[in-house]
Structures are given as structure tokens and as C-alpha cells.
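Hi everyone, thanks for coming along.

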There are 2 protein chains.
Amino acid sequence: MYTSKIDTLLESIRKLLRRGAYQNAKKIIEKLHAADVAYLYRYLNEKEQFAVFKLISNLETAAEILSHVDAPTSAHILTNLERERASEILKAMDPDDEVGILAEVSEEVREELLSFMSKSDTERIEEVFQYPEDSAGRIMNTNFFALHEEVYVSDAISELQKRGEDSTEMVFYIYVVDDRNHLVGVCSLRQLLLVPASTRIQKVMTSDVVSVFPETDQEEVARLVERYDLLAVPVVDHENKMLGIVTVDDVIDVIRYEATEDIMKMVGTGDEYHSRSVMHRARMRVPWLLAAFLGGYIGIQFLRMFDATLERIVAVAFFLPIIIAMGGNIGITSMTIVVRGLATGKIAVKELRKVVLKELGVALLLGILYGTALMTLAYLQFGDVSYLGFVVGASMLISMLMAAVIGTMAPIILHYLKIDPAVATGPFVTSAVDSLGILIYLGLATLVLI
Amino acid sequence: MYTSKIDTLLESIRKLLRRGAYQNAKKIIEKLHAADVAYLYRYLNEKEQFAVFKLISNLETAAEILSHVDAPTSAHILTNLERERASEILKAMDPDDEVGILAEVSEEVREELLSFMSKSDTERIEEVFQYPEDSAGRIMNTNFFALHEEVYVSDAISELQKRGEDSTEMVFYIYVVDDRNHLVGVCSLRQLLLVPASTRIQKVMTSDVVSVFPETDQEEVARLVERYDLLAVPVVDHENKMLGIVTVDDVIDVIRYEATEDIMKMVGTGDEYHSRSVMHRARMRVPWLLAAFLGGYIGIQFLRMFDATLERIVAVAFFLPIIIAMGGNIGITSMTIVVRGLATGKIAVKELRKVVLKELGVALLLGILYGTALMTLAYLQFGDVSYLGFVVGASMLISMLMAAVIGTMAPIILHYLKIDPAVATGPFVTSAVDSLGILIYLGLATLVLI
């Protein structure tokens, strides 16, 4: 759906809502794909979102729209519906989407919604909530298609037909289990069609199945899906009994989300899309800025130590920002290369030493280039202060080398301490690089010039 | 495959290669999944990679391994093979993977490889090379499954069986075309199984097909796949004739790649994973650092203007780094939020004004908080310079506001100029924020203190 179409749609829906022409608005909405309604939701305010949602009488459609809308929005809508209706809509959703929304509503609302559900549903949901937040268990769909290994292909097909359009989740793999419900194989729908109907499914299946545990990190699931080009991964317990599947569409969400989350953490903020208020956003950033502030404060103390140098040669102060900026630049780039490399698996842990050395090499080349450039400029403009050029050039080179070491080592150390490298790097690296840069520069200046 | 297993495998393969026990190494390699061999490749050096590849006699296996390995590595291997063998391996690959590798080898090698191919293959490949680099055409698979709308389901199934395991690409959708080969519908394998064999395929198909043009940007394709939870998107020409499909596994690669590429650009470098030499990496970063350098140079000139102020009150210089750092921090965060928001589609172009205002609000709150903190610290430590506390506090607040404006506006302006917002922001935003911060601070200091 393209922007021009969205604009027209938005306008007409808003107009109809304002006029109270709900039946007409309803007709438009119901003709759209659920994913398109969800897309429209981005442009509607909360009141409009809710008004549009109230128009949808069909339970399945309502459920589908909610599962396409982002979690905070759908939680908001669900919270404002009557509890009974809300729980009916939840029941019509895929189990993984249901859990995703329940994780977003307040605990109180969750309890109330669960009270309308059957005991088995409640138990299933509570079980899922025991898995860690970023684990496979949280996004697995417990509706999957598994058959006994001795079943014939003909039976498999008629079983599939019996289920019909009932289960909304896309079926592309049939999982094969033994007597004790252990996962023993997998077979694609296509493979089923390639053999005579009288074949036993165990003859068709691939017995080399890639599976994960419910506790497996979602990023790890994503990496497996990527590596083996899978459309779904089965989730098994520690006895190899099947619990659910994670499908590729959820994996795509994980990849998108993790990439954005990593970037946001690196630049010093949380996932701000999800918070609506300015106050809340500001509060999220306070700790990151505190790191920068403390780094700056240490910088002030360092500068104070060299008070006499600055007083005697004021031109020394002129070069402070450029030396800091170039070091900071190198530090952030090196850090990002390592953080991203570790996250995407492009950099293997065993290669880390090589990565550090390469970054150091790059910093050396760039440091020599720009250090010489700065030295030349300083001689041209401030030739009267002898050796100033040498001091600023050398300081820039040393700062850049130091920045490359800190930028690459900080995430590596965090990685070994089993702390997410993206969390604590951005502002910390900059702070460290800034204050050490000051120390290097002013130290050298004092040594050489005074 | 987990790290411990990789380590053991690596060791034994290396040992066997050293000993010249090629037959044994071959046995191990051939038992592995192609994706696992590709994973091992990350840990092998170029010589080992080539030696392992030479062991694989089966054409299909060789093709599969190459399509799992990253493009620069597979291009390197292919370049070192005899041309005839290389072109045979290429022919055994999926057309999209074939094109991907051909795009990586030198033009000379490409010509030589194409000379071993049939005229129709050469034409097909040359056609694909005419599409823009990041377009759907470049990653589409021209092996797809399309049937005439009047075909019966039974015929569709036997057609599928006839193709058998022949085409390696996963088939999950059957595309439906009319007499003139226009795409008119799509139907999943599962839908086929739900209706009697005597049904015409046009009765089963969904006629609402999401399709793209070969020129469509790969990111746009990814967004459609995400929005509609698709496993593949058909690529059609401007007459709606089908040319190929883009499958979800390629879409995942696009999402990963684009996210990393965006981050790398933002911090001021290209995709460095793909370049092996330190010299080349350094050269890639020169222009980004030049932006920082020029920004720093402007900063020097600004500082020079306030020479007298710095000479009279040396303490003014102490606060330079912290004011610059806090502004830089805000600028980078604001910029990242907008760049990522535009890339993922989370921020709609219509909302941009709201985003700018919110970022300004956040900067205001944070600026008041940290500005007051800095003012207090300055009074405590430098109480003898009257008004210094006020000047540094106010300068920090104003710098942070200015940084929020530049950080949000820079990518927005680039977006409107149809320049990729990620390209030109990181170092540019920092340079602008740094030098303007200097001007604000020293200007205010001169005004108030002198």
C-alpha cells in the first residue's frame, strides 16, 4: 500500500468517523487486509484507533488486526475493551501473539483476562510466562502439526484436510514424533506430495532436525533460521518432546528488533519507540548521559591539573576539541564493528585478536595521515609556538590508537563477562576516550612545551 | 552447531589437511550440512578454504556450499578454480545465488565464466545485471512454479511431482497466470490439499497478490514480507508478467545487511567486513574522518576568535569538553532515532514534526537537569569566577537543544533530498554540533564574563 493510497484512506475514515457514519467506515475497514489496517493504525491517534477497532464485529478479523499492530498499541486497545470480549479476541489469536500481548498489559488486567479463560489455556499461558523474556518459549506457537512416525502419507494428507483452515498459522512442515512423543523427524508438505500415498511418513522425513529449547535466546533461533534457511524451528523440552514452533515471520521481527535495540543501546538510549511521553523518554536517557557527564567531569579535573600549561600557552586549548573528536570517532567506529560483528555472528570469538590488531592498524594509518595534517596546519597558523605542531600531531595519533584499543576491547571484555556488549559501550567508550585524550594531549604539551 | 563441536571439527580437518589425508577430510566434510561447512569457513584461512573446497567432487554439494558462504569468499574461491568447473558449479546454483556471486568477481573473470554458459543463461544473467544493485531483480529467483489458471488441482500436484526434487528452491506457493502469462493469483501448497482434485486452480487461488517490480528496492520488499508475513514475493514486469520470486531467506539477509550497513554508515565507515586489508579499511574511513577533521578545524578558528576570553579566564577551557560531549551525545541519539525510524518504517514521514518536537522536549528536560548539575559543580569548584556556573550551565542546555534540532533535522532534510539519511549523518552531525557548541559556549562566556 503506497503513501497516496494511505492518505486517501485515512482521510475518508476520519471523515466518516467524525460524521458518525460508522457503517460506512466499517465497510471500508473490513475490506482491507488486517496488515493494512495495522499499517493505518500508525497514523491514527489512540481515540481513532479504538473507534476503528470497535467497528470490527468479526472475532477472527479483530484478532488478526491486533496481532499485526505493535504490542503496546494492541495492549492499549485490549485494556480498554470489556474484559470478556477482550479474552474472546485473545483466544482467537495464535498462541504466540496472545502471549505477546498479555506480556504488555498490566498484571491486573492480565489476571482479569485470564479469569475468562479455560484452565488449560491459563496453565499454558502461565507456563510460557516462566520462560525468559527474550527466549524462544515466548514466541513459540503451540499450535503445530505433528504426526506419529508410522502414519501413512495418505493419512497425513487427510489429517491436514481435517484441520482445514482452522489453524491460522501457516503450515509448511509436518513434524514427526515417536510413541513417547519425541521429535524424530520433519517433512515438508512438498515432500509428502512426491511419494506414493501408501508410504509411511518415517520413510519420507528428514531425521536431522534442527531444534531449540524454550530457553534458547531468540537471537540464537534467528541465527539458526538464517544459517539453514528454515521456515520454522521446532521447540523441544530437554527430553526432546515437542512444545511448539517458532516461525520465520517471528524471526524477522526478532532480527529487526534486535538490530534496532543494539543501535539504540550503543548511542545511549532504550527503545524509545515504545514510550510515548517525553518525560519517560528523558528518564530513559538519564543514566546514559550520566556516563557522559561523569566522563566530562573527570575531563575537567584533568584539565585543572594542567592549568599552568593552558595559562601560559592559550593556543593549546584551541586543539582540545579536534583531538577529542578524532579519537571519539575512531573509538565509536571500532566499537560498533565489534558489537555488530558479535551480534550478527560475523565476527567469531576466536577471531577477536585479529580484529583488535586490524583496528589498531587502521587507526595507525589514519592517525599518521590526520596527525600530519594537523601538525602542518598548526605550524602554518601557530608557527610562533615552537613544537606546538609536533605536540598536537603526536597527541592526535596517540589518542586515535588509544581509542581503537578501548573501542575494540570494551565490547570484548563485556562479552567475556557475559554482559551484552551493546549495553554499556557508546557513552562509556566516548567518556573514556575523551578523558584519556585530554590526559595524553595536555601531558605531552606540558612535557614538550613548558 | 555449537562452539565446542566447531573446535573439534576444525582441529581434525586442519590436522588431516596438514597430513595430506585428503580422503578422510573429504569424508568428514561430505557428512556435514552445506550450511555447517559454510560456518566452518569463517574460521579457516583462504588457503584452507580453497583446499577444503577442492575436496568436494559432487557438483550439487559444491554449489550448495558456495551459496551459503558469504559472497566475497565464494567469489574468491570461484576465481581460483578452473573456469569450466567454476561455471558448472554456478549453473548448479539457484539463479539468485549465481547472480550474487557473479556480481562479486572481477569483470574479466565474469566474462570468462559466462563464455562457458549457454546463450539463454548468459542473456538471463545480463538482464539481471541491468537492475539496480539493491533492487528486487538482483535477488529474485527465476526458478518458480507458475501454472495456468484453468489447470486442475490434480494436474498441479502431478506437475509438482514431475519437477520433483529437481529445483532446489523451496516451493510453498503456486503462482497462477492467465493466457498472456499475467500474474492473476497465488495459492499455497496447503490450499491445494484442502479441495477436491477436480477443482480448477482459479477457484482455490487468492487473487489479491502482493507483487513487486524488479526495480523495487530490496528494503521495500523486506517491508512487504514483514507486513504480510509472506514466504515469498513474486516479481513482475510492468505488464504484470512474472519474472521471478524473492524468498524469505533472502529477505532475512537483506534485513540483517541493511541494519548493519545503516549502523556502519552512521558511525562513519563502510561495510568493513567485506574488506580484508587494513589499507583498504583505512581508505574507506578517510572521508568520514575528514568531516570530523574539518569540523574540528572550524572549531579551532572559533576558539581563536575568543582567544582573549580564554587568556583572561583559563577555567573557561576546562568546561569545553563536557559541553561538547553532552551536546554530541544528544545529537547522535536524536539522529539515530530518526534514521532507524525512517529505515524500519516505524516513523512515518507524516509524523516527523512530532518526532522533532518530542526530541526537543527530551533535550529540554535533560538539558535542565544536567545544566543545573554542571552549574552547581562549577560554583562549588570555581566559585571565585562569578557567573561561570551560570555560563556553563546555560551553554550546556542551549547546546543540547541545538544538538537535538540538528540531530533530528539532518536526516529529515537528507530524506527529503532523497539521499539515504544514514550516509551523511554521524560525523557530520557531530562536527556541526561540536563547532556550534563551541560558538555558543565561548560566545556566552565572552558576553557574560568579560
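When I say helix or strand, I mean DSSP runs, numbered from the N terminus: H or I of at least four residues for helices, and E of at least two for strands.

Before going on, some housekeeping. What you see is a predicted model, where local features need pLDDT of at least 70, side-chain atom pairs count only at pLDDT 80 or more, and totals for chains, interfaces and linings use all residues. Residues are numbered from 1 along each chain as its sequence is written, while chains are lettered from A and ligands numbered from 1 in the order in which they are written.

B:N240 has a phi near 70°, a positive value in a residue other than glycine. Why mention that? Most residues other than glycine have a negative phi. B:N240 is partly exposed, because 17 other C-beta atoms lie within 10 Å. The rule is that 20 or more other C-beta atoms within 10 Å of a residue's own make it buried, 12 or fewer make it exposed, and anything in between is partly exposed, with C-beta atoms placed from the backbone.

A:Y387 sits in the loop between helix 21 (352-381) and helix 22 (388-416) of chain A. With 14 C-beta neighbours inside 10 Å, A:Y387 counts as partly exposed.

Now, how do the two chains relate? Chain A can be laid on chain B by a turn of 180° and a shift of 0.0 Å along the axis, with an RMSD of 0.1 Å. The two copies are thus related as by a two-fold rotation axis. The superposition is by least squares on the C-alpha atoms of residues with pLDDT of at least 70 in both copies.

And how many residues of chain A are in contact with chain B? There are 84, and they meet 84 residues of chain B. Contact here means that two C-beta atoms, placed from the backbone, lie within 7 Å. On chain A's side, the largest share comes from helix 17 (residues 278-305), with 15 residues. By class, that side has 51 nonpolar, 15 polar and 18 charged residues. For those classes, Ala, Val, Leu, Ile, Met, Phe, Trp, Tyr, Cys and Pro are nonpolar, Asp, Glu, Lys and Arg are charged, and the others, Gly among them, are polar. Since 100% of the interface residues of chain A are also interface residues in chain B, the copies meet through the same surface.

Next, helices packing on helices. In chain B, the axes of helix 22 (residues 388-416) and helix 23 (residues 426-449) come within 9 Å and cross at roughly 150°. That makes helix 22 of chain B roughly antiparallel to helix 23 of chain B. The axes are lines fitted to C-alpha atoms, for helices over the stretch in contact, and angles run from 0 to 180 degrees between N-to-C directions. Under 35 degrees is roughly parallel, over 145 roughly antiparallel, 65 to 115 roughly perpendicular, and the rest oblique. Helix 22 of chain B passes helix 23 of chain B in a right-handed crossing, where right-handed means the near helix is turned clockwise from the far one by less than a right angle, and left-handed means anticlockwise. The residues of this contact between helix 22 and helix 23 of chain B divide into 20 nonpolar, four polar and no charged.

In chain A, helix 20 (residues 320-344) and helix 23 (residues 426-449) pack at about 140°, with axes 9 Å apart. Helix 20 and helix 23 of chain A are therefore oblique to each other. Their contact includes A:G327, A:G328 and A:G331 from helix 20, and A:D434 and A:G437 from helix 23. By class, that contact has eight nonpolar, five polar and one charged.

One last stop: A:Q202, in helix 14 (residues 201-204) of chain A. A:Q202 and A:Y152 are 50 residues apart in sequence and 8.6 Å apart in space, C-alpha to C-alpha. Leaving aside neighbours within four places in sequence, A:Q202 is in contact with A:E149, A:E150, A:V176 and A:G185.
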